[in-house]
Amino acid sequence: ALQPCRKPLILEVYLLDPMNDAQATQEIMLGALDARLRGLSKPHKLSLSRCIAEIAAEYALCCASDSSSLRSTRQVKAVKAKLCVSSVGDSRNAQPCPRFHRDSVPVRLIATIAGRGTQVMPDEAVDRDAEGPVTVLRDPHAVPWDAPAGDVLLLVGNHGQRGSRHASVHRSPPPVAMTPGKRVVLVLDEEEEPDFGDADGTPPWLTRAAQAAIRKLTD
């Protein structure tokens, strides 16, 4: 089991060419988990990294297709993976996005691995005619849909709207006070211009295969 944490653990890594190089993607994620995530055995970390690599590959495929990203078919350079582990009863950190909102991305993947899932508001409850960045609900008492743990959501963002396809309005689920357990959430975003940090070095969790993939991508 994951060790208790007073503040959320947020792990961010770049997954390079996840659609075509699953092995390098898995090694990058496994190295990051080894460096940052405590309380999981090696087999569990291996299983989690493999799961994330498979999800990232499917996500990259969706981004490269017209039907999901609403853009022309192309090569996805990298996917930014963000894994957040927080206590379910933490009133501040367990709900990083308390308001219903739309993301300023083409399409975002959110998968709740453990704990309560993301809440999504039905389209008919959202006032699409309202102007401005703040999301306005037609019915403030509308009941959102709660995604079960284990479900993978592909949420259209502001940059992915076209025609009758609107941005998905959603939020993090409210925390449950005095409730034990963890909420583990994976968020994937496409990175068209990935930033690998200093040119002279690479993050310590990148394996040799991952570093080779970086050199191949940037040469």
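**Pocket, cysteines and core**

The largest pocket has a volume of about 430 Å³. This is a predicted model, where local features need pLDDT of at least 70 and side-chain atom pairs 80 or more, while totals for chains, interfaces and linings use all residues. Residues are numbered from 1 along each chain as its sequence is written, and side-chain values use heavy atoms, without hydrogens and water.

Me: Which element gives the most to the lining of the largest pocket?
Reply: A pocket is an open set of points on a 1 Å grid over the protein atoms alone where a 1.4 Å probe fits, with protein on both sides within 12 Å along at least five of seven lines; lining residues have an atom within 4 Å of a point. Here 23 residues line the largest pocket. With five residues, the top contributor is the strand (a DSSP run of E, at least two residues) called β8.

Me: How many disulfides does the structure hold?
Reply: A disulfide is a pair of cysteine sulfur atoms within 2.5 Å. The sulfur of Cys62 has its closest cysteine sulfur in Cys63, 7.0 Å away, so that pair is too far apart for a bond. For the structure, the number of disulfides is zero.

Me: Is Cys84 buried or exposed?
Reply: Buried means under 20% relative accessible area, exposed over 50%, and partly exposed in between (1.4 Å probe, protein chains only). Cys62, at 21%, is partly exposed. Cys84 has 16%, so Cys84 counts as buried.

How values were computed. Grid points are joined across faces, edges and corners, and a volume is the space filled by probe spheres set on the points. Helices (H or I, at least four residues) and strands (E, at least two) are DSSP runs, numbered from the N terminus.
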